[in-house]
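Here's a quick briefing to read with the model open next to you. We'll start with the overall picture, then go through the core, the surface and some charged pairs.

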Amino acid sequence: MTTTIASPPAQQTKQIALIGNPNTGKTSLFNCLTGMRQRVGNYPGVTVEKKLGTVYLAQGPATLIDLPGAYSLAASSLDERVAVDVLSGHLPGMERPDAVVCVVDATNLKRNLFLAMQIAELGIPMVIALNLWDSLEARGQTIDVDELEKRLGVPVVATVARKSTGVSELREAISNAIQQERCIAPMIWPEEVDEAVKEIQIAAKGHTTVALTELEVRRMLFDAGSAVMRRVESQHETVRNAVQIGREKLRKLGLNPMAAEAVLCYKHLEKLLEGIVKQAGEAKGEKSESIDKLMLHRIGGLTIFGVLMYVVFQAVYSWAGPLMDLIDVAKGAVQGVVGGWLEPWPILGSLVTDGIIEGVGAFVIFLPQILILFFFISLLEDTGYMARAAFLMDRLFGWCGLNGKSFVPMLSSYACAIPGILATRTIEDPKARMVTILVAPLMSCSARLPVYVLLIGAFVEPRYGVRIAGLALFAMHLLGLAIAIPAAWLLTKYVVKTKPQPFLLELPPYRVPRMQDVLYRMWQAGKEFIGRAGTIILAITIIVWALLYFPRPVELEAQVTEQFTAQQIAANDGHADLVEAELADPDSALSVELGNKIDSAYTNQSYMARIGKTIQPVFELAGFDWKITVGVVASFPAREVIISTLGVIYSLGGDVDEDSPDLKTTLANAKWPDGPHAGQPIFTLAVAFSIMVFFALCQQCGATVAVIAKELGWRWAMASFVSMTAMAWIGSVLVYQIGTALGF
Amino acid sequence: MTEVTIVAAIVLAAGYYLFRCWRKSSKPQGCGDNKSCGCRRKR
């Protein structure tokens, strides 16, 4: 949960950084140490997410900073740059941490300690958390923790974050590390490296915004295109020359400058770890490897992936029914009670019942689907299956100029495009990153889910049953990917012109997910969803209601009543007394019909109707009436707004009665009032799919446009918005025209 | 009159909220750390 914990005064709060390779259980350990109380924000100036929590140590509460997962401090990607800046205390507004907890995969000690050795050069007190200890034991291996602690010179604690094992020991070790200031002895570099570092430091003096640490200078020496170079004013020539001279020295030593650090460090670690990892028992077979033989099979793997995705969307569609009914009943009950209270105030009553409760309620009803979707997403991620999916997709993505690395952000975009776009920061090739950002919003985010469920539930399920409805939901989620791949191909071939880069991926072992983490993820997604219902959805609903309710000319009611009465008298062979008697009873069918006619007349001349009718010709070819047009236009800031907007439109328009208890039924019963289609249903199957295709392809999310603008600039953000909107319009027109021609 | 005033105040507050939200999201830093406007969705 995200809380606003009051921080103690800055000078008393110790800052602890948590760092580690990806897939080492860093997030689980962070959750264990902080008790899942987190504050999420951004690092200043960059869009890398900053996660803070409070850990209680012997000295009192301390701030735990969860740094982005990194294999090294090479600082070639945005994530790694932030990690280097935080650790060296060069990030504006952030102090250098008082201690570092380096999370190490116990099954892969040497490679994981490479990062620890790099951090050691900063001289920050460190604790090593040997996580995934259970996986090590499952392999029949053990680590001599005491000996490792002695050789490294810092506390080493064995942990199993998934089971919260070793967490209190880790907390104690952090307290001790801060008190005793125990640091890993940095490795001894060859004289040539030290000389080169000193020369670069001298050359950089006066040309940098802040004095560079030895670690940062070493990064400039070892890394091609290191981000640290950006600290040097206009990449000053003297500094560039000093770096080149330093690299020449390494070449003379017989070392490739780009690989020198790894070669020297691994040699050092090999010596340091001699005899540390022991075979304690019988080595058990590598389960993960045998599962992967099937999961990563060219045909079998893709089939399993397809089946899994189908099962997920089928479950999302069919499991939520009872809970949705429950929310709907609750909504109706609240409407009844509140409507009764506000009866003496008709305008306020309409705002609260037809506007707020109807609009927000129509949106909140989809909470169960969101929870089920996130249950599966976190289950697939925590088991380690997502990495396999990225591997499977590498071939497909290679065809369109990207690689499997782009699949991870795209898969994240199925939850929400914003974290998906932020996840592209791990892609080193800036052009591939740009293309991934531009196609990520095409993935069907969870905000599209309510739109699909509403329309599929109203028009596909009644005709073809639950199974086909689930399949339709799956197909709508595939549509974005099916468009994204050729779009990426066009972009990489003709616009940004890049070639696929080699894809290196670490496949984490399969693990049983921790139910606590899965539930936590669901809770966060649910809270976010409800939060939106109470903020942006509520605000837009109120505005939509006002535009639909006003103007309210008094004479309109009299006109409609007069016209309606005259029609009824004519239909009853001139028996005015009979008609008047029936109209005098407010519960009679005739009175209800008149009430609906008055509501409909008011809605039809409202400001919103005028706007909708003006824009409607643009969407006529896609089969939209003015009400759908209003829903679509109102959804440009956030696409899920269409649900609440349609809820308010149909509630105020007098279309909701006892035969249409929910929005689904109301939409299914809606008919064209006049024009060439008068009396025919507005929502046919072709219209329903036309709307869904529009929502699948359109860039209706103000927050996503803003994030793209932050990442790539406003020019690209606008290009993305215009092209996606155009694509959505063309797609929906095609679907409607073809669908109608085929008789749907 | 009181009823109309209350409704007008609610509608104006909603409009102001959306305007503030738009202003925040169009700034270079976007919503940044301040998510109170609900613009910024996180995973």
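This is a predicted model: local features need pLDDT of at least 70, side-chain atom pairs count only at pLDDT 80 or more; totals for chains, interfaces and linings use all residues.

**Overall build**
- Chain A has 33 helices and nine strands.
- Of its 744 residues, 56% are buried.
- Take the contacts in chain A with a separation of 6 or more: 74% of them are between residues 24 or more positions apart.

- In soluble globular proteins, nonpolar side chains tend to be buried together.
- Here, the largest nonpolar core has 149 residues, and the ones touching the most other members are Leu455(A), Ile456(A), Leu473(A), Trp545(A), Leu667(A) and Phe683(A).
- Helix H23 of chain A, residues 515-549, is the top contributor to this core with 13 residues.
- If you skip neighbours within four places in sequence, Leu455(A) still contacts Val460(A), Leu667(A), Phe683(A), Ala688(A), Ile691(A) and Met692(A).
- There's also a second, separate core, made of 66 residues and including Val82(A), Leu152(A), Leu212(A) and Ala260(A).

- Tyr464(A), Ile468(A), Leu471(A), Ile730(A), Leu734(A), Ile738(A), Leu742(A) and Phe744(A) together make a nonpolar surface patch of about 760 Å².
- Two elements of chain A give two or more residues to the patch: helix H22 (466-495) and helix H33 (714-741).
- H33(A) has the largest share, with three residues.
- Ile730(A) sits in helix H33 of chain A, and its relative accessible area of 47% makes it partly exposed.

**Positions listed by UniProt**
- An unreviewed UniProt entry lists Asn31(A), Thr34(A) and Gly35(A) under "binding site".
- Asn31(A) belongs to helix H1 of chain A, residues 26-34, and is buried, at a relative accessible area of 6%.
- Gly35(A) falls in the loop between H1 and strand S2 (38-42) of chain A, and counts as partly exposed at 34% relative accessibility.

**Salt bridges**
- Across all chains, the structure holds 18 salt bridges.
- Glu199(A) pairs with Lys249(A) in one of these, with the closest N and O atoms 3.0 Å apart. The pair links distant parts of the chain, 50 residues apart: Glu199(A) is in helix H7 (residues 191-204) and Lys249(A) is in helix H9, both of chain A.
- Glu199(A) is partly exposed, with a relative accessible area of 34%.
- Lys249(A) also touches Glu192(A) and Glu195(A), again leaving out residues up to four places away in sequence.
- Asp292(A) and Arg388(A) form another salt bridge, their closest N and O atoms being 2.9 Å apart. Asp292(A) is in helix H11 (residues 287-295) and Arg388(A) is in helix H16 (residues 385-399), so the pair ties together parts of chain A that are 96 residues apart in sequence. Both Asp292(A) and Arg388(A) are buried.
- Asp517(A) forms a salt bridge with Arg514(A), with 3.1 Å between the closest N and O atoms. Asp517(A) is buried at 12% relative accessibility, and Arg514(A) is buried at 8%.
- Asp134(A), Arg162(A) and Lys163(A) are joined into one network by salt bridges that share partners.

Methods. Residues are numbered from 1 along each chain as its sequence is written. Chains are lettered from A and ligands numbered from 1 in the order in which they are written. Side-chain values use heavy atoms; hydrogens and water are left out. A nonpolar core is a set of buried Ala, Val, Leu, Ile, Met, Phe, Trp, Tyr and Cys residues joined through side-chain atoms within 4.5 Å. Buried means under 20% relative accessible area, exposed over 50%, partly exposed in between (1.4 Å probe, protein chains only). Helices (H or I, at least four residues) and strands (E, at least two) are DSSP runs, numbered from the N terminus. Contact means heavy atoms within 4.5 Å. Patches are made of residues with over 30% relative accessible area and no salt bridge: like charges are joined within 9 Å, nonpolar side chains (Val, Leu, Ile, Met, Phe, Trp, Tyr) within 5 Å. Accessible areas come from the Shrake-Rupley method with a 1.4 Å probe; for residues, only the protein chains shown count as cover. A salt bridge is a side-chain nitrogen of Lys or Arg within 4 Å of a carboxyl oxygen of Asp or Glu. UniProt positions are given in the numbering used here, feature names are shortened, and annotations may be inferred rather than shown by experiment.
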